[in-house]
Amino acid sequence: MDSYGRDYMTAGAAQIQQRLAGDLVVLQRQLDTPHAWATASRLATLFAKTFPGSDGVKAVSWYLRAAEFADRADDREARVWVRGRAAIALGYEGAALDDAERLADQALAIDDRPTLGRLNAIMGKAHASAIRGDADTARELAEEGRRTFDVAASDDSEASDYAVPYWRMNVFLSLLSARLGDERDALAAQEEASRHLPPTLPRFRTHLDMHRGLMLVRAGDRRGGVAHAHAALNQLPPEKHSLTLRMLMDEIEAQ
């Protein structure tokens with residue numbers, strides 16, 4: 001499970017999906033303890049991320065399975081985390097927003113302690129609100145997210161899909177601010193993320209570059225913004241592309 005969390009940060013979605021599918025089949029035969037169910041819930045969440053959020057059947061169905069597995073484990077932390085991770089994944093992708101908000105609300109209702117799962121749920125709801133045009137709610141949730149992050153942040157040395165270190169929180173805030181048209185906040189978040197982003201994670205630098213493309217589009221320079229985003233994506237080897245990046249490109253082109 002830990003290895004998959006690390007590998008997801010650099011490997012392509014297709015590669016992870018192929019490997020993980022086989023391991024989930026093996027794990028399915030061993031689901032006889034709460035710990036096994038909790039492990040399966042996190043791996044199922046990761047597996048869901050290898051499908052585009054726009055595919056409301058595959059991605060969301062796996063997020064729901066992950067939530068069911070965590071419930072079977074009766075592990076409160078896992079129950080909150082898998083729902084929160086699903087919410088931020090779908091909210092960041094701008095897909096299946098109803099499901100993102102429902103899963104986020106479930107996570108927030110399970111436990112009010114400041115955890116990574118709760119942080120993800122809050123930020124997922126913030127992105128959904130921004131996309132729906134509810135800027136005030138999005139900003140309120142972003143502030144709540146910052147307060148939660150101050151308590152629940154991951155160590156900066158953690159390079160895992162299960163972690164939210166300082167640079168990754170700023171990636172969340174960068175896209176959120178770009179969606180809201182808050183250029184000053186977006187640039188500040190991008191600067192902080194770039195400063196702390198490990199050089200071994202070039203895909204996330206691509207995220208930040210594409211956020212700048214979205215900012216240009218939102219500012220009225222559609223041709224320049226789309227070109228900037230395409231150039232950023234093209235600099236990353238195709239086998240390193242994530243579905244999230246492809247969906248971000250679709251969002252920029254649709255503006």
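1. The crossing of H9 and H10 is left-handed. Keep in mind that this is a predicted model. H9 spans residues 166-180, and H10 covers residues 183-196.

2. Next comes the geometry of this pair. Two packed helices are described by the angle between their axes and the distance between the axes. For H9 and H10, the angle is about 155° and the axes lie 8 Å apart. That angle makes H9 roughly antiparallel to H10, because angles over 145 degrees fall in that class.

3. Now look at who touches whom. On the H9 side, the contact uses Tyr166, Trp167, Asn170, Val171, Leu173, Ser174, Ser177 and Ala178. H10 answers with Asp185, Ala186, Ala189, Gln190, Glu192, Ala193 and His196. By class, the contact of H9 with H10 has 8 nonpolar, 5 polar and 2 charged residues.

4. H9 has another partner, H7, which runs over residues 116-132. Here the packing angle is about 15°, and the axes are 9 Å apart. H7 is therefore roughly parallel to H9, since the class takes angles under 35 degrees. H7 passes H9 in a left-handed crossing.

5. Which residues of H7 meet H9? They are Leu119, Asn120, Met123, Ala126, His127, Ala130 and Ile131. Facing them in H9 are Met169, Phe172, Leu173, Leu175, Leu176, Arg179 and Leu180. The contact of H7 with H9 divides into 11 nonpolar, 2 polar and 1 charged residues. Find Leu173 on the structure: this H9 residue is listed in the contact with H7 and also in the contact with H10.

6. How many cavities of 30 Å³ or more does the count give? The count comes to 1. The volume of the largest cavity is about 180 Å³.

7. What lines the largest cavity? The lining has 16 residues. Nearest the centre lie Lys49, Arg85, Arg168, His207 and Thr244. H5 supplies the largest share, 5 residues.

8. The lining residues of the largest cavity divide into 7 nonpolar, 3 polar and 6 charged.

Definitions and conventions. Residues are numbered from 1 along each chain as its sequence is written. This is a predicted model: local features need pLDDT of at least 70, side-chain atom pairs count only at pLDDT 80 or more; totals for chains, interfaces and linings use all residues. Side-chain values use heavy atoms; hydrogens and water are left out. On a 1 Å grid over the protein atoms alone, a cavity is a set of points where a 1.4 Å probe fits but cannot get out, and a pocket is an open set with protein on both sides within 12 Å along at least five of seven lines; lining residues have an atom within 4 Å of a point. Grid points are joined across faces, edges and corners, and a volume is the space filled by probe spheres set on the points. Helices (H or I, at least four residues) and strands (E, at least two) are DSSP runs, numbered from the N terminus. Ala, Val, Leu, Ile, Met, Phe, Trp, Tyr, Cys and Pro count as nonpolar, Asp, Glu, Lys and Arg as charged, and the others, Gly among them, as polar. Axes are lines fitted to C-alpha atoms, for helices over the stretch in contact, and angles run from 0 to 180 degrees between N-to-C directions. Angles under 35 degrees count as roughly parallel, over 145 as roughly antiparallel, 65 to 115 as roughly perpendicular and the rest as oblique. A crossing is left-handed if the near helix is turned anticlockwise from the far one by less than a right angle, and right-handed if clockwise. Contact means heavy atoms within 4.5 Å.
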